Amino acid sequence: MKKNKLILFSLIAALTISMTGCSGRGDKYAELGEDEFEKGNYETALENLNLAVKYGIKDYDTVDLYYTIGGVKYKLEDYNGSIEAYKTVLVDKPDDFNSLVNLGVSYASMGEIEKAGEAYEKALLNDPKNQNSVLFYVNLGHYYITTGKAVSATEYLEKAIEYSPEQPCKNPYAYAYLAISYAMLYRYDESDDALMRASELDYKQCDVVRERINDIKSKR
C-alpha cells in the first residue's frame, strides 16, 4: 500500500505486528490483496489479505499489510475491523500520520466523534504541517464549535489557514467556521472579515452562518 495515500472514507483478531519466523508464503496473497484493493474489488482483496495473515509474510511489510486491511475493511463498512487494523499498525508506528487520521475517520463513521477528535489531534501534534492536515484542522474546529469550546475551535481553524499549502488559504469552510468561533469569543469584526472571505470563496451557506452569528450575539 502506498503510504502517501490517505484512505479518508475506509475486527480482525489482535495480532502482534511482528511476524518473524514466517515462511513468507503469504507474500503473494498480500500483493494480490493490494492489487485488488486498488481496483476496488474489496471482497476479493480481503480474502487475499486474510490468507496473507494466515500463512505469514516474509518480505512484504507488515505495516503496509495491516494498513491495507484497514482500508479494505473501511470500504466494506466494517468500521470496527478498520479500527483494529489501524491500531495494529500504530503498535509498531505510534506516530504514523495516515494511520492516526484513518483511525479517526473510522471512529467518526461510527459516530464516536470524541475518539475521532483524539486521533486527529494526535496526528496533527506529531505532524502539524502535513500536506493533508488542513482538512483535519477544519474538522476539529467544527467539532469544538459544536461542543462550545470556542478557544480550541479558533486555534485549529487559524492553523488550517496558516498551514494551508495554498496561500492565501482557499478553504471556505475554514473561514465560515472561523466566523462562528470568533463571534463566540466576541471578536465580531474578525468574524465579519472571516465570513466575507468565505463568501468570496463561494461558500454556499453564508446566510446560515450569519443567522448563527446573529443568534450568538442575541444571547450575549
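**Reading a pocket, a helix pair and a buried serine**

The lining residues of the largest pocket divide into nine nonpolar, three polar and no charged. The model is predicted.

Trainee: Which residues line the largest pocket?

Mentor: The lining consists of A108, I113, A116, G117, Y120, V138, N139, L140, H142, Y143, Y173 and Y177. About 170 Å³ of space lies in this pocket.

Trainee: Which helix gives the most to that lining?

Mentor: α7 does, with five residues. At least two lining residues come from each of α6 (113-126), α7 (133-146) and α9.

Trainee: How do I read a pair of packed helices?

Mentor: Two packed helices are described by the angle between their axes and the distance between the axes. Take α9 (residues 172-184) and α11 (residues 206-218): they pack at about 5°, with axes 9 Å apart. Angles under 35 degrees count as roughly parallel, so α9 and α11 are roughly parallel to each other.

Trainee: Which residues meet where α9 packs on α11?

Mentor: From α9 come A176, A179, I180, A183 and M184. They meet V209, R212, I213 and I216 of α11. That contact has eight nonpolar residues, no polar ones and one charged.

Trainee: Now S164. Where is it placed, and is it buried or exposed?

Mentor: S164 sits in the loop between α8 (150-162) and α9. Buried means under 20% relative accessible area. S164 has 9% relative accessibility, so it counts as buried.

Trainee: What does S164 touch, not counting residues up to four places away in sequence?

Mentor: With those left out, S164 touches V134 and C169.

How values were computed: Residues are numbered from 1 along each chain as its sequence is written. This is a predicted model: local features need pLDDT of at least 70, side-chain atom pairs count only at pLDDT 80 or more; totals for chains, interfaces and linings use all residues. Side-chain values use heavy atoms; hydrogens and water are left out. Axes are lines fitted to C-alpha atoms, for helices over the stretch in contact, and angles run from 0 to 180 degrees between N-to-C directions. Helices (H or I, at least four residues) and strands (E, at least two) are DSSP runs, numbered from the N terminus. Angles under 35 degrees count as roughly parallel, over 145 as roughly antiparallel, 65 to 115 as roughly perpendicular and the rest as oblique. Contact means heavy atoms within 4.5 Å. Ala, Val, Leu, Ile, Met, Phe, Trp, Tyr, Cys and Pro count as nonpolar, Asp, Glu, Lys and Arg as charged, and the others, Gly among them, as polar. On a 1 Å grid over the protein atoms alone, a cavity is a set of points where a 1.4 Å probe fits but cannot get out, and a pocket is an open set with protein on both sides within 12 Å along at least five of seven lines; lining residues have an atom within 4 Å of a point. Grid points are joined across faces, edges and corners, and a volume is the space filled by probe spheres set on the points. Buried means under 20% relative accessible area, exposed over 50%, partly exposed in between (1.4 Å probe, protein chains only).
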